[in-house]
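Me: Please take a close look at a single part of the structure shown here. I would then like one connected account that sets that part within its surroundings.

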Amino acid sequence: AQQLRELILANRNDPNYGVQPLQALAELDPHRSGYQDQLARLAQRYPDALLYDNLVVLWATAIPDRAQRAAKLLACIQRFPTGDALPEAMFELADLEVQAFGSGDEARRNAGIARMREIAARFGQTCWGKRAAERLRILEPKQGSTTRAVSP
């Protein structure tokens with residue numbers, strides 16, 4: 001809910017289109033076949049809209065191949081360094097990097113953890129900052145803390 005609220009607040013007052021791009025996005029179903037192509041068409045339809053960076057990031061996150069998805073998310077981070085979609089692109093890329101744990105690529109995993117820290121620090125009040133902070137609590141439990149079972 002917070003993610004949707006932030007998306008709406010950041011993009012609802014588009015000087016050229018009003019809420020039309022948001023309404024068009026709301027009509028899409030991410031679970032249906034062709035979702036990625038629909039996002040691409042929306043981005044082409046509204047290339048100068050406030051929502052454009054969000055559409056491109058959503059498109060990148062819909063790429064099935066992990067390596068291609070990571071490359072496109074990195075490109076989004078570089079292309080939209082001040083857009084409201086930046087924390088989402090950073091989080092999605094960090095999530096992919098952190099998942100490299102089983103691959104033996106510790107450098108990539110550590111880069112993902114560092115990116116999560118940056119998201120939590122820079123965007124702490126956003127849904128992405130909160131998700132990053134939660135993920136860090138899981139990835140980096142405090143030293144010396146004990147885990148105990150709690151009875152219901």
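Reply: Arg122 counts as partly exposed because its relative accessibility is 47%; buried means under 20% relative accessible area, exposed over 50%, and partly exposed in between, with a 1.4 Å probe and protein chains only. This is a predicted model, in which local features need pLDDT of at least 70 and side-chain atom pairs count only at pLDDT 80 or more, while totals for chains, interfaces and linings use all residues. Residues are numbered from 1 along each chain as its sequence is written, and side-chain values use heavy atoms, with hydrogens and water left out.

Arg122 belongs to helix H7, which covers residues 106-122. Helices are DSSP runs of H or I with at least four residues, strands are runs of E with at least two, and both are numbered from the N terminus. When residues up to four places away in sequence are not counted, Arg122 touches Leu86 and Met90; a contact means heavy atoms within 4.5 Å. Pro87 is 35 residues from Arg122 in sequence, yet their C-alpha atoms are 8.7 Å apart in space.

The wider setting of Arg122 can now be described. The protein contains eight helices and zero strands. Of its 152 residues, 37% are buried. Its C-alpha atoms fill a box of roughly 55 × 35 × 30 Å along the principal axes. Among contacts with a separation of 6 or more, 51% are between residues 24 or more positions apart.

Helix H4 (residues 52-61) is mostly covered, as eight of its ten residues are buried. The buried residues of H4 include Tyr52, Asp53, Asn54 and Leu55. Their cover includes helices H1 (2-11), H2 (20-26), H3 (35-45), H5 (66-79) and H6 (86-98).

Asn11 counts as buried because its relative accessibility is 2%.

On a 1 Å grid over the protein atoms alone, a pocket is an open set of points where a 1.4 Å probe fits, with protein on both sides within 12 Å along at least five of seven lines; lining residues have an atom within 4 Å of a point. The lining comprises 22 residues, and those nearest the pocket's centre are Gln3, Leu4, Leu7, Leu25 and Glu88. Elements that give two or more residues to this lining are H1, H2, H4 and H6.

The cysteines complete the account. The whole structure has zero disulfides, a disulfide being a pair of cysteine sulfur atoms within 2.5 Å. For Cys76, the nearest cysteine sulfur is that of Cys127, 16 Å away. That separation is too far for a bond. Cys76 is buried because its relative accessible area is 4%, and Cys127 is buried because its value is 7%.
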